[in-house]
Amino acid sequence: YERHLLPALMDFACGLPRVSAQRRLVVPQAAGRVLEIGIGTGLNLGFYDPARIESLVGIDPAQALHPRAARRSVRAGIAVDLVAAGAEQLPLASGTFDSVVCTYTLCSVADPAAALAEMRRVLRPGGQLLFAEHGLAPQPQVARWQQRLEPGWRRLAGGCHLTRDVSWLLRDAGLNAQVEQGYIGGPRLLTYHYWGQARKS
């Protein structure tokens, strides 16, 4: 399931039109030296503006997904250096990236605080983190159902959490974030979204 079926299911779910629309809000803003966290199968690659990209590094620990990302990079006309590594310990020098892109990744990393600390570390002064994530809904009734559903959902969806408050995680990481948030349509337990940009505070 985890090696064959789950990657195909996640690729389908994360490529749905409403989710793609969220990617389109943030990814084209990336410029200069770009790092994408959790590149997966490369669903963001078609949204980058090649004229704005100096170089692109894609991080993902799941090497089985890299060939699909490589094929998408060819179709998008953007060269990408794929690196097998986790977000919590990036094998990259500090202060070297103009843009870090993180979409639909904070929900599934084991330690989101450590991952955001690493993203902050590798950003150059004045660089920006561009993000689109789903997470904890503000309505108590919806949030309670998210908490009830989360243990089973994590097992089914490759470790994906439903109850992470992305705004709080960004603030706690020392990032000054401009966050937009709201439901994007579909089941409320799954579709409360946070998106925007953040800089070192």
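Good morning. Please keep in mind that this is a predicted model.

I shall begin with the sheet. Seven strands form an open sheet with mixed pairing, in the order S3-S2-S1-S4-S5-S7-S6. At its edges stand strand S3 (81-83) and strand S6 (175-183); each has a single partner strand, so one side of each is left without a neighbour in the sheet. On average, neighbouring strands are turned by 15° against each other, direction ignored. Val34 stands opposite Ser99 in S4.

Next, consider helix H4. This helix lies across S1, S4, S5, S6 and S7, and runs at about 145° to S5.

Which residues touch the most other members of the largest nonpolar core? Among its 33 residues, they are Leu35, Ile37, Val100, Leu116, Met119 and Leu129. The largest share of this core, four residues, comes from H4. A separate core has 18 residues, including Val27, Leu45, Tyr48 and Ile78. In general, nonpolar side chains tend to be buried together in soluble globular proteins.

Finally, I turn to Gln147, which is found in helix H5 (residues 140-156). Gln147 is partly exposed, because its relative accessible area is 47%. Its C-alpha atom is separated by 27 Å from that of Ala198, 51 residues apart along the chain.

Thank you for your attention.

Methods:
Residues are numbered from 1 along each chain as its sequence is written. This is a predicted model: local features need pLDDT of at least 70, side-chain atom pairs count only at pLDDT 80 or more; totals for chains, interfaces and linings use all residues. Side-chain values use heavy atoms; hydrogens and water are left out. Helices (H or I, at least four residues) and strands (E, at least two) are DSSP runs, numbered from the N terminus. Buried means under 20% relative accessible area, exposed over 50%, partly exposed in between (1.4 Å probe, protein chains only). A nonpolar core is a set of buried Ala, Val, Leu, Ile, Met, Phe, Trp, Tyr and Cys residues joined through side-chain atoms within 4.5 Å. Two strands pair if DSSP finds at least two bridges between them. Axes are lines fitted to C-alpha atoms, for helices over the stretch in contact, and angles run from 0 to 180 degrees between N-to-C directions. Contact means heavy atoms within 4.5 Å.
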